[in-house]
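Take a look at the model before reading on.

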Amino acid sequence: MKCLSVDPPACFCLGCFCLGIFCVLLGCFCVFLRIVAGYFLTLLCESLNLPYGEIACVKTIGCVAYIRLRVFAWAFLRIVAGYFLILLCGETKAMQKVAVITGAASGIGRGLAERFAVEGMKVVLADVEEEALAKLEADLKAKGATVFTVRTDVSNATEVENLAVRTLETFGVVHILCNNAGVVCSRPVWEHTLADWEWVLGVNLWGVIHGIRAFVPRMLAQGDECHIVNTASILGLVGGSGEGIYKVSKHGVVVLSETLAAELAQKGANIQVHVLCPGWVRTGILDSARNRPDALRNLTEKTQRHELIIGGSKNARAEMEAGLSPAEVAEHVYNAIQNGIFYIHTHPEHKAWIRERMERILK
């Protein structure tokens with residue numbers, strides 16, 4: 001199932017109109033060609049002093065050649081016209097798409113917004129960082145994109161519902177939903193406070209839950225081809241020590257996505273689900289505490305010494321700086337949408353970790 005699928009009724013009407021123009025132009029061209037060909041055939045015969053019978057024979061051969069040329073020209077122009085009509089319909093359809101992205105102001109979310117905008121889609125940007133959100137909006141609009149922003153805390157069901165309502169009020173439809181917002185904090189699981197659990201699960205897992213509850217019913221009512229991309233992590237597919245809350249949240253996103261995909265398929269819905277499981281990506285997630293609500297901050301912060309072992313690495317920042325760019329991840333996502341890929345792996349080498357875990361489970 002393609003994201004940029006062709007709309008048959010629209011393309012049929014457009015095709016008929018364009019084909020009509022082609023017929024008129026081709027008819028005029030054929031008349032002109034026939035006049036020119038007859039004129040030059042007559043000149044040729046007269047210059048060769050051919051008798052009348054031979055002139056008629058030459059003209060007959062010329063007419064046959066002309067008819068064959070016209071048939072070839074018709075076939076060629078139909079092929080060319082059909083090809084460009086398909087391209088035009090695909091482009092028109094892309095420009096009608098509406099993509100909603102949470103956590104859009106930076107990192108992977110910004111990469112997705114830029115990638116979708118390149119395709120001519122209308123993008124709805126949601127984030128808690130209003131200044132960064134406004135900057136991205138300005139950057140995209142400067143490139144000609146249609147952009148709408150909504151300040152949204154995805155851990156709040158009311159705000160996500162507001163995001164859905166305002167998207168439909170503004171554009172009438174939504175075709176792609178990227179539940180992408182994410183945060184992290186790291187320490188041994190027994191040292192995490194209730195505030196840690198509330199914050200990370202609230203954004204990483206409940207944010208996806210709220211997105212599904214707010215948008216899926218509306219997508220079903222539309223009946224259009226739609227896509228949901230839930231951002232998990234390679235850590236949502238493996239075990240091991242470290243990042244307890246983060247792993248719990250991302251494992252939850254993976255199984256939630258699997259269940260959602262299966263249930264939508266059973267219903268025969270025209271909605272495809274994708275789960276993004278990236279490895280290291282150059283984002284600001286290690287500094288996500290900058291957006292932590294005051295009500296969920298710990299009275300005594302002890303996360304600093306644990307920060308450098310995120311992702312199984314003792315030097316997380318160096319690993320992150322060596323990771324993929326958000327634009328590269330966005331390309332993986334766009335390709336997955338185009339080709340109906342459920343698990344989006346940005347680092348194929350990490351599949352060995354998944355295999356190792358599965359083998360341990362099956363022992």
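Helix 3 and helix 4 pack with their axes 11 Å apart, at an angle of about 20 degrees. An angle under 35 degrees counts as roughly parallel, so helix 3 is roughly parallel to helix 4. This is a predicted model, with a mean pLDDT of 84 over the chain.

**Helix 3 against helix 4**
- The crossing of helix 3 and helix 4 is right-handed.
- Helix 3 contributes Arg110, Ala113, Glu114 and Ala117 to the contact.
- Helix 4 contributes Lys135, Leu136, Asp139 and Leu140.
- By class, the contact of helix 3 with helix 4 has 4 nonpolar and 4 charged residues, and no polar ones.

**Helix 3 against helix 10**
- Helix 3 spans residues 107-118, and helix 10 spans residues 326-339.
- The axes of helix 3 and helix 10 lie 8 Å apart, at an angle of about 60 degrees.
- Helix 3 and helix 10 are therefore oblique to each other.
- Their crossing, helix 3 with helix 10, is right-handed.
- On the helix 3 side, the contact residues are Gly107, Ile108, Gly111, Leu112, Arg115 and Phe116.
- They meet Pro326, Val329, Ala330, Glu331, Val333, Tyr334 and Ile337 in helix 10.
- The residues of the contact of helix 3 with helix 10 divide into 9 nonpolar, 2 polar and 2 charged.

- An open sheet is formed by 7 strands, in the order 3-2-1-4-5-6-7.
- The pairing in this sheet is parallel.
- Strand 3 (147-151) and strand 7 (343-345) are the edge strands, and each pairs on one side only.
- On average, neighbouring strands of this sheet are turned by 15 degrees against each other, direction ignored.
- Strand 4 (residues 176-179) and strand 5 (residues 226-231) run parallel and are joined by 4 bridges.
- Cysteine 178 stands opposite valine 229 in strand 5.

**Helix 4 on the sheet**
- Helix 4 (residues 130-142) lies across strand 2 (122-127) and strand 3.
- Helix 4 runs at about 175 degrees to strand 3.

**Confidence**
- A pLDDT of 70 or more is reached by 72% of the residues in the chain.
- Over residues 1-10, pLDDT stays under 50.
- For residues 1-10 the model has 29 contacts beyond four places in sequence.
- Over residues 303-309, pLDDT also stays under 50.
- For residues 303-309 the model has 17 contacts beyond four places in sequence.

How values were computed. Residues are numbered from 1 along each chain as its sequence is written. This is a predicted model: local features need pLDDT of at least 70, side-chain atom pairs count only at pLDDT 80 or more; totals for chains, interfaces and linings use all residues. Side-chain values use heavy atoms; hydrogens and water are left out. Axes are lines fitted to C-alpha atoms, for helices over the stretch in contact, and angles run from 0 to 180 degrees between N-to-C directions. Helices (H or I, at least four residues) and strands (E, at least two) are DSSP runs, numbered from the N terminus. Angles under 35 degrees count as roughly parallel, over 145 as roughly antiparallel, 65 to 115 as roughly perpendicular and the rest as oblique. A crossing is left-handed if the near helix is turned anticlockwise from the far one by less than a right angle, and right-handed if clockwise. Contact means heavy atoms within 4.5 Å. Ala, Val, Leu, Ile, Met, Phe, Trp, Tyr, Cys and Pro count as nonpolar, Asp, Glu, Lys and Arg as charged, and the others, Gly among them, as polar. Two strands pair if DSSP finds at least two bridges between them. pLDDT is the predictor's confidence in each residue, from 0 to 100.
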